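User: Please take me through this model one label at a time. For each label, I'd like to see the value set against its cut-off.

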Amino acid sequence: DINQDNNHEYHQEVFESVKGEIVVYLMNLAREYAVGFKDLVLISGMARGVDEIFAKIAIDFNLPLIITVPKSVEWHKNKIVKDTSDIKIQAIDYDAILAYDKLEIVEVTDNLDKGNYGYFLARNQSLVDLSDGVISYQCYDSQGTSDCIDRAKLKNKYIGNI
C-alpha cells in the first residue's frame, strides 16, 4: 500500500519504487512497439495511487497527459468515500497536475448505472476509448481496475499488468 495515511502523503519509498517500475515498463513497451518514449501520450483517471503516479511520470518526462474524470474535475477532485467522510479517493496532488501545461482534460458526464459508481464506470470506458493500449498496475482486488481491464479486453486494447 503506497498510502501513508488517509489523505495526505504517500509512503515515499513505495511511491518511488512503483513509479520506477512503471517507467521501466513504459520504456520497454515503447521499444517493443518501436515508438519513441517521448512520443507516448499518457492517460490517467486521476484516482489516488497509480493513476497519480502515471500523471507524475508524464510531467517528469514532459509527455502529453490526458486526464479523464467522472462528472467534472471539481466533483471528482472533492469526492470522498461514502461511508468514511475523511478518505479521498482521488489524486492527492490534483492541483499540481491540473497546472501541467501539456494537459488535456476529458470530463465524462455519462452515467452507466444511475448511481455515483456509474460515473466511474463511464470514466473507465473513456480511458479505454482514448487509448491505443491499456496497461494496469493491479496488485490487489480493485473493482474499478478490474472493470477497466475487462473493458480494455473487450476492445482488444489490453496490453498487460505491470
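Analyst: Gladly! Helices here are DSSP runs of H or I with at least four residues, strands are runs of E with at least two, and both are numbered from the N terminus. This is a predicted model, in which local features need pLDDT of at least 70, side-chain atom pairs count only at pLDDT 80 or more, and totals for chains, interfaces and linings use all residues. Residues are numbered from 1 along each chain as its sequence is written, and side-chain values use heavy atoms, with hydrogens and water left out.

User: Why is Ala-34 called exposed?

Analyst: Ala-34 has a relative accessibility of 71%. With a 1.4 Å probe and protein chains only, exposed means over 50% relative accessible area, buried under 20%, and partly exposed in between. Ala-34 therefore counts as exposed.

User: What makes Asn-156 exposed?

Analyst: The relative accessible area of Asn-156 is 73%, so Asn-156 is exposed. Asn-156 sits in the loop between helix 6 (143-154) and strand 5, and its phi is also positive, near 55°, in a residue other than glycine. Just after helix 2, Asn-62 takes a positive phi of about 55°.

User: How do you know that the length of helix 1 agrees with its residue count?

Analyst: The expected span of a helix is 1.5 Å times one less than its number of residues. Helix 1, residues 12-32, has 21 residues and should therefore span 30 Å, and its end C-alpha atoms are 30 Å apart, which agrees.

User: And what makes the buried residues of helix 1 line one face?

Analyst: The buried residues are Phe-15, Val-18, Lys-19, Ile-22, Val-23, Leu-26, Leu-29 and Ala-30. Seen down the helix axis, they fall within an arc of 140°, so they line one face of helix 1; the arc is that of the directions from the axis to the C-beta atoms. Glu-13, Arg-31 and Glu-32 are exposed on the other side of helix 1.

User: What covers the buried residues of helix 1?

Analyst: The cover includes strand 1 (42-44), helix 2 (50-60), strand 4 (134-136) and strand 5 (158-161). Helix 2 has buried residues too, namely Glu-52, Ile-53, Phe-54, Ala-55, Ile-57 and Ala-58. These pack against helix 1, strand 1, strand 2 (65-70), helix 4 (94-98) and strand 4, where contact means heavy atoms within 4.5 Å.

User: What makes a group of residues a nonpolar core?

Analyst: Its members are buried Ala, Val, Leu, Ile, Met, Phe, Trp, Tyr and Cys residues, joined through side-chain atoms within 4.5 Å. The largest such core has 29 residues, and those with the most contacts inside it are Ile-22, Leu-26, Leu-42 and Leu-65. Helix 1, helix 2, strand 2 and helix 4 each supply at least two residues of this core, with the largest share, seven residues, coming from helix 1. Apart from it lies another core, of 10 residues, among them Val-108, Leu-127, Val-128 and Val-134.

User: Why is Gln-90 called buried?

Analyst: Gln-90 has a relative accessibility of 1%, so Gln-90 counts as buried. Gln-90 is found in the loop between helix 3 (73-77) and helix 4. Leaving out residues up to four places away in sequence, Gln-90 touches Met-46, Ala-47, Arg-48, His-76, Lys-77, Asn-78 and Lys-79. The side chain of Gln-90 reaches the backbone oxygen of Lys-77 at 2.2 Å.

User: How do you know that Arg-123 is buried?

Analyst: Arg-123 counts as buried because its relative accessibility is 8%. Arg-123 belongs to helix 5 (residues 116-130). Beyond its neighbours within four places in sequence, Arg-123 is in contact with Gly-45, Thr-68, Val-69, Pro-70, His-76 and Val-108.

User: How many helices and strands does the protein have, and what share of its residues is buried?

Analyst: The protein has six helices and five strands, which run α-β-α-β-α-α-β-α-β-α-β from the N terminus on. Of its 162 residues, 44% count as buried.

Note on methods: A polar contact is a pair of N or O atoms within 3.5 Å; within protein, one must be able to donate a hydrogen and the other to accept it, and residues adjacent in sequence count only if both atoms are side-chain atoms.
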